[in-house]
Amino acid sequence: MANDKSPACDFCGRLGSVVPLIQSPLKQAYVCIDCVEQIYEFAQKERKRPSRRLRSWQMPQTSPAQIKAHLDQYIVGQESAKRKVAIAVYNHYLRIQALLRHKDNP
């Protein structure tokens, strides 16, 4: 807010005495009509833009042992930690694959 008498747009800073403002339901924020129009136009463009699809994602053909072998190239010792990380990464891949499969067949 610019001062207590005239609220300002929280996006562009213009005063309510200059442009009409829309007040948030909780009366904590203001946005001017021009900013609302810009936000609406941006939302319409985003809606039309093709989303990045993960459906074509393929799980790497790897096993926890192969992931651990890759970690061995960069990390010395800490065998227990490397095994746990390798299993966690593998399980993460499995969860992603299951989620994508579930989205394809609801």
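Lysine 68 is buried, with a relative accessible area of 16%; buried here means under 20% relative accessible area, exposed means over 50%, and partly exposed lies in between, with a 1.4 Å probe and protein chains only. The model is a predicted one, in which local features need pLDDT of at least 70 and side-chain atom pairs count only at pLDDT 80 or more, while totals for chains, interfaces and linings use all residues. Residues are numbered from 1 along each chain as its sequence is written, and side-chain values use heavy atoms, with hydrogens and water left out.

Lysine 68 belongs to helix H2. When neighbours within four places in sequence are set aside, its contacts are Glu79, Lys82, Arg83 and Ala86, a contact being heavy atoms within 4.5 Å. Lysine 68 also takes part in a salt bridge with aspartate 72, at 3.1 Å from N to O. A salt bridge is defined as a side-chain nitrogen of Lys or Arg within 4 Å of a carboxyl oxygen of Asp or Glu. The two partners are four residues apart in helix H2 (residues 64–72), about one turn of the helix.

Lysine 82 is buried at 4% relative accessibility, whereas glutamate 79 is partly exposed at 35%. Salt bridges link Lys68, Asp72, Glu79 and Lys82 in a network.

The structure holds five salt bridges. One of them pairs aspartate 34 with arginine 14, at 2.9 Å from N to O. Because aspartate 34 lies in helix H1 and arginine 14 in the segment before strand E1 (21–23), this pair ties together parts that are 20 residues apart in sequence. Both ends are partly exposed: aspartate 34 has a relative accessibility of 33%, and arginine 14 has a relative accessible area of 32%.

These elements can now be placed in the chain as a whole. The protein chain has three helices and two strands, and from the N terminus on they run β-β-α-α-α. Helices (H or I, at least four residues) and strands (E, at least two) are DSSP runs, numbered from the N terminus. Of the 106 residues in the protein chain, 15% are buried. Among contacts with a separation of 6 or more, 25% are between residues 24 or more positions apart. The accessible surface of the chain comes to about 8,800 Å², and carbon and sulfur atoms account for 57% of that surface. Such areas come from the Shrake-Rupley method with a 1.4 Å probe, and for residues only the protein chains shown count as cover.

The largest nonpolar core consists of five residues, Cys9, Val19, Val31, Cys32 and Cys35. A nonpolar core is a set of buried Ala, Val, Leu, Ile, Met, Phe, Trp, Tyr and Cys residues joined through side-chain atoms within 4.5 Å. Cysteine 32, one of the core residues, is buried at 0% relative accessibility. Leaving aside neighbours within four places in sequence, cysteine 32 is in contact with Cys9, Cys12, Arg14, Val19, Pro20 and Leu21. Arginine 14, in this list, is the residue that bridges to aspartate 34.

The cysteines also raise the matter of covalent links. A disulfide is a covalent bond between the sulfur atoms of two cysteines. With a disulfide taken as a pair of cysteine sulfur atoms within 2.5 Å, the structure holds zero disulfides. Cysteine 12 is in no disulfide, and the nearest cysteine sulfur, that of cysteine 9, is 3.7 Å away. Cysteine 12 is partly exposed, at 38% relative accessibility. For cysteine 32, the closest cysteine sulfur is that of cysteine 35, and the 3.5 Å between them is too far for a bond.

On the surface, Ile22, Ile33 and Val36 form a nonpolar patch with about 200 Å² of accessible area together. Patches are made of residues with over 30% relative accessible area and no salt bridge; like charges are joined within 9 Å, and nonpolar side chains (Val, Leu, Ile, Met, Phe, Trp, Tyr) within 5 Å. Isoleucine 33 lies in helix H1 (residues 33–48) and is partly exposed, with a relative accessible area of 34%.
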